[in-house]
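Here is a short tour to follow with your viewer open.

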Amino acid sequence: MLFNTPQYILFLPVVVLIYYCLPKKMRCFWLLATSYYFYMQWNPLYIILLFSCTLLTYVCGRMIENLRKREVDTQEEDGQKENLIGCRKQMLCFIICILLNLGILFFFKYFQFGISVLNHILVYFHIQEIGWGYDILLPVGISFYTLQALGYLVDVYRGDIYAEKNFIRYALFVSFFPQLVAGPIERSKNLLVQLHSPQGFRYENLRKGGLFVLYGLFLKMVIADRAAIIVDTVYGNSMVYPGFYVVIATIFFAIQIYCDFYGYSTIARGSALIMGIHLMDNFSAPYYARSVKDFWRRWHISLSGWFRDYLYIPLGGNRKGEFRKCSNLLIVFAISGLWHGASMAFVFWGILNGVYQVIEELNGKMKSEVIQGQKRWKWLEKLQISRKVCFSTKLFQTIITFALVTFAWLFFRAGGLEDAKLMITNMFRINNWMILFDGSLYGLGVEKNYMNILLGSIFVLFFIDYYKYHGKDVAEVFLEQGWWFRVICIMLLIFTILLYGCYGELYNIQQFIYFQF
C-alpha cells in the first residue's frame with residue numbers, strides 16, 4: 001500500500017478514527033494489527049521476516065538485561081568472576097542476535113551480489129563459475145526495520161535503555177506502519193517511549209499532521225514523479241540525449257530523489273502526528289548545505305545518525321588521529337553505499353561521498369594551521385583575501401556542494417559502474433548547451449505547461465527550505481497566519497496535487513525510490 005494511492009487515503013482516516021475510539025490500553029494492539037496488515041499488502045510472506053526480526057531482538061534484549069541483573073545480584077566475594085562470565089554471556093547473546101539478523105538481511109539483499117562478485121574472482125583465476133539460477137525477491141523495508149531493531153538491541157546492550165517487557169509494544173516499535181518501509185529509522189528513546197503513553201486527540205496535531213501529509217503528496221506526485229519522466233527519458237537512452245541532456249537529467253534526479261524520499265518522510269511524520277506520535281524530521285534543507293559534511297548532517301538524518309552512533313564512533317571516530325578518522329569515514333560511507341543497494345555503483349557512490357569529506361577534513365586542517373600561523377603554511381596566508389564569510393562565498397560553497405553531490409547521484413541512478421561510465425562519457429561527448437534555450441527540453445516527455453508547473457513547484461520547495469535552513473518551523477509559521485490565507489494556500493495545494501500530480505496507467509503510480517533499499 002503506497003502513500004500516494006486512494007487506498008491509503010481511505011486507510012489512514014479509518015485507522016485514526018478507531019485508534020481514538022479505543023481505550024489507551026488497546027491502542028497498541030490496534031496499531032500493530034494495522035501495521036502488519038499494511039505491510040502484508042506487498043506480500044503476505046514478508047511478515048514472517050518482520051516477525052522473526054522482532055522476536056529475535058526482543059528475546060535477546062530480555063536475555064541481555066536478565067544477565068545484567070544477575071551480575072548486580074552476585075555475592076561480593078564471587079563478584080569479579082561472576083561478572084566476567086556474565087559479560088561474556090551478554091556479549092555472546094548480543095553477537096549471535098546481530099549475526100542472525102544480518103545473515104537474514106545478507107541472504108535476501110546481498111546473496112546474489114555476493115555470488116556475482118565471487119564469480120568475477122573465479123573467472124579471473126580461470127576457475128569454473130558458481131551456477132545460481134534463482135531470483136531472490138527483496139522484502140520491502142527490510143533494511144530499515146532491521147537497522148531500527150538492531151539499534152534498539154545495541155542500546156540495551158550498552159545499558160542506555162531498559163529492555164522492553166511488553167512484546168506487543170516492542171513489535172509495534174519495529175513495525176509502526178508510517179515509517180516501516182522507508183524510515184525514518186527511529187530510536188527506542190523516542191518512539192518506544194511515546195508508545196508507553198499514548199496521547200489523547202489534539203486538534204493541533206490533526207492540523208499539523210494533515211498539512212504534512214498534503215505537503216508530502218505535493219513533493220512526491222507533483223515534483224518527484226514529474227521529474228522522474230525527464231530522468232527516465234535521458235537515462236534510458238543517453239546515446240540519443242548526450243551532453244547537456246545528461247547534465248539536466250542528473251540535476252532533475254537530484255530533485256527527484258530528494259522530493260521522493262522527503263515526501264515519504266513528511267507523509268510518515270504527518271500520519272504519525274495525527275495519532276499524537278512524533279517522528280523525527282529526516283531532512284533539513286540539505287541542498288542549502290555549504291559542504292558535503294553539512295549535507296550529510298541534513299540528508300537522511302536518521303540513517304546518518306545511526307551509522308555515526310553505531311558504526312563510526314565504535315570504530316574510533318575522530319579519537320584515534322587524522323589517518324584513522326579519514327579511514328573510518330571511508331569505511332562508513334562504503335558500508336552506507338552498500339546498504340543502499342547490492343551493486344558496486346552504490347559502493348562507489350558511498351566511497352565518493354566519503355572522499356569528498358576526507359578532502360574537506362584535510363582542507364579544514366590546513367586552514368586551521370594557517371590561522372594558527374604555523375610556518376609551513378605561511379605562504380597560504382597571502383592567498384587569503386579575507387577570513388570573513390560573505391554572501392558570495394556562501395553562495396559559491398552551496399553551488400559547489402550541490403554540484404559535487406549531484407555528480408555523485410549519477411552513480412546512484414545509473415545502476416552500474418559501466419552504465420555510469422557511459423553516462424559520464426555521453427555527458428562530455430557533445431557540447432550542446434543551446435538546448436537550454438531552444439525548447440529542446442520540452443521533448444523529454446514533459447510538455448511546456450507541465451514543465452512550467454514543475455519549475456514553479458521546485459521554486460516553492462526551495463523557498464520553504466530556505467526558511468527551514470535558517471531554523472524556522474515553517475509549519476508553525478504557516479498555521480499562525482490568518483484563516484483566509486491558510487484556506488487559500490491549502491486549496492491551492494490540493495488543486496495542484498489533483499490537477500498536476502502524476503496519475504493513471506500512463507505513470508503506473510510511481511513507487512517511492514527508497515522502497516528498494
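Start by selecting Ala-285, which sits in the loop between α9 (244-274) and α10 (292-298); helices here are DSSP runs (H or I, at least four residues), numbered from the N terminus. Although Ala-285 is not a glycine, its phi is positive, about 50°. Ala-285 counts as buried because its relative accessibility is 0%, where buried means under 20% relative accessible area (1.4 Å probe, protein chains only).

A note on what you are viewing: this is a predicted model, in which local features need pLDDT of at least 70 and side-chain atom pairs count only at pLDDT 80 or more, while totals for chains, interfaces and linings use all residues. Residues are numbered from 1 along each chain as its sequence is written, and side-chain values use heavy atoms, with hydrogens and water left out.

Next, pick His-300, in the loop between α10 and α11. His-300, not a glycine either, has a positive phi of about 45°. With 0% relative accessibility, His-300 counts as buried.

Now select helix α5 (residues 142-158) together with helix α11 (residues 301-312): their axes lie 11 Å apart and the packing angle is about 35°. Axes are lines fitted to C-alpha atoms, for helices over the stretch in contact, and angles run from 0 to 180 degrees between N-to-C directions.

Finally, show side chains where the two helices touch. From α5, the contact involves Leu-147, Leu-150, Gly-151, Val-154, Asp-155 and Arg-158; from α11, Leu-303, Trp-306, Asp-309 and Tyr-310. Contact means heavy atoms within 4.5 Å.

Methods. Buried < 20%, exposed > 50% of the residue type's maximum accessible area, 1.4 Å probe, protein only.
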